[in-house]
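Me: Please take a close look at one helix in this protein for me. Tell me which way its residues face, and then how the rest of the chain is put together.

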Amino acid sequence: MKKNTIAVCDSEAGYAGTLAEYLNNRKKLPFRAEAFTDPEKFCQYAGINHPEFLLIAEENLNSQVQALQIPHMIVLSSDRELECGDQKCIYKYQSAESLIREVMVYCQESAFTDASFGYEKKIQLMGIYSPLGRCGKTLFALTAGQIWGESRNALYLNMEDYSGRQIFSEEDTSQNLSDLFYHFRQGKAFPPLTDLVHSWGNLDYLSPVSSFEDLRNISYREWTALFAHLEKESSYQLLVLDVGNGVDQLFSVLDLCTQIYMPVLDDWISRQKIEQFNKIAFSLSDTLESKIQELHLPFAPCAEKGQDFPKNLLWGKWGADIRKILEVTAFHG
């Protein structure tokens with residue numbers, strides 16, 4: 001499918017070219033970016049190529065550009081509080097990842113159809129679960145998410161009592177899942193996704209709950225409301241669910257998943273626990289047995305935390321082994 005064109009017009013030295021290059025390097029985005037530093041040259045281009053989408057600096061938005069009637073236009077503002085009337089405004093000096101998220105949310109709200117913009121309508125839920133501890137479950141979930149995120153819009157949700165939420169950020173004071181479900185229980189709309197979603201390498205994530213008590217209080221109905229909201233309001237094609245035992249109606253949540261990756265261990269105590277889990281799961285659901293993939297993970301040396309930690313998951317023997325596992329166990333249903 002031919003990608004839509006998104007034009008970036010900004011006379012500030014280097015900004016348009018840098019942003020367009022960043023957009024084009026994100027291969028999973030459903031558009032191709034073209035950069036312009038001169039509004040007049042952009043108008044000449046637009047008169048021939050008729051781009052559907054435009055990001056333009058507020059100081060470059062003149063009557064000539066307005067007359068082109070670009071169907072979908074976002075103003076790049078140097079003022080966080082600028083009001084643009086009927087037009088969408090984005091603060092231009094935020095991180096590139098945050099800017100892209102705002103653009104994608106706008107795309108979902110604009111007149112682009114799912115078909116023309118290349119999105120799948122149905123989000124796949126990939127469950128990562130094990131009744132065992134210390135089996136590499138979360139490291140596998142994060143690595144698989146990074147790999148899936150190379151080609152698809154993927155969002156990671158940690159659904160464990162103890163998420164290790166500082167894996168992502170030492171000082172994450174933004175809204176998290178606890179805040180999101182608080183809004184829901186108050187009868188309010190979910191907060192904007194741009195306020196909740198963060199990027200971590202190839203993978204986006206929602207900040208986990210503040211405490212295990214918050215997780216235990218989230219009902220199955222509330223989880224399904226969140227999944228439905230993400231399907232309606234986001235461009236995500238895949239949710240990576242890192243599921244813990246504290247989730248309400250655990251087996252019902254797992255039954256929603258397209259596939260379930262279950263790291264296991266082979267000592268006799270672990271096998272007894274796995275057999276107990278399987279006996280309960282298969283008695284409650286006719287589909288779980290076909291969805292569960294037991295995994296014997298390789299030794300997982302956990303690299304030192306740092307800015308490159310997400311990328312490091314993809315390198316070396318660990319990353320190569322996980323790629324092979326995902327290729328062998330890929331869901332073809």
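This is a predicted model: local features need pLDDT of at least 70, side-chain atom pairs count only at pLDDT 80 or more; totals for chains, interfaces and linings use all residues.

Reply: Happy to! Residues are numbered from 1 along each chain as its sequence is written, and side-chain values use heavy atoms, without hydrogens and water.

H9 covers residues 220-233, and its 14 residues reach 20 Å from the first C-alpha to the last, close to the 20 Å expected at 1.5 Å a residue. That expected span is 1.5 Å times one less than the number of residues. Helices (H or I, at least four residues) and strands (E, at least two) are DSSP runs, numbered from the N terminus.

Contact here means heavy atoms within 4.5 Å.

Now for the wider setting. The protein chain has 14 helices and 12 strands, and buried residues make up 50% of its 333 residues. Of the contacts between residues at least 6 apart in sequence, 71% join residues at least 24 apart.

One group of strands forms an open sheet of five, in the order E2-E1-E3-E4-E5, with parallel pairing. Strands E2 (31-36) and E5 (88-91) are at the edges with a single partner strand each, so one side of each has no neighbour in the sheet. Two strands count as paired if DSSP finds at least two bridges between them.

Strand E1 (residues 4-9) pairs with strand E3 (residues 53-57) in the parallel sense over four bridges, and Ala7 has Leu54 as its bridge partner in E3. Six bridges join E1 to E2, also running parallel, and Asn4 stands opposite Phe31 in E2. E1 is mostly covered, with six of its six residues buried: Asn4, Ile6 and Val8 point one way, and Thr5, Ala7 and Cys9 the other.

Another buried spot is worth a visit. Trp200 lies in strand E8 (residues 197-200) and is buried, with a relative accessible area of 8%. Its contacts beyond neighbours within four places in sequence are Leu142, Gln146, Ile167, Phe168, Tyr205, Phe309, Pro310 and Leu313. The C-alpha atoms of Trp200 and Leu142 are separated by 9.7 Å, although the two residues are 58 residues apart along the chain.

How values were computed
Buried means under 20% relative accessible area, exposed over 50%, partly exposed in between (1.4 Å probe, protein chains only).
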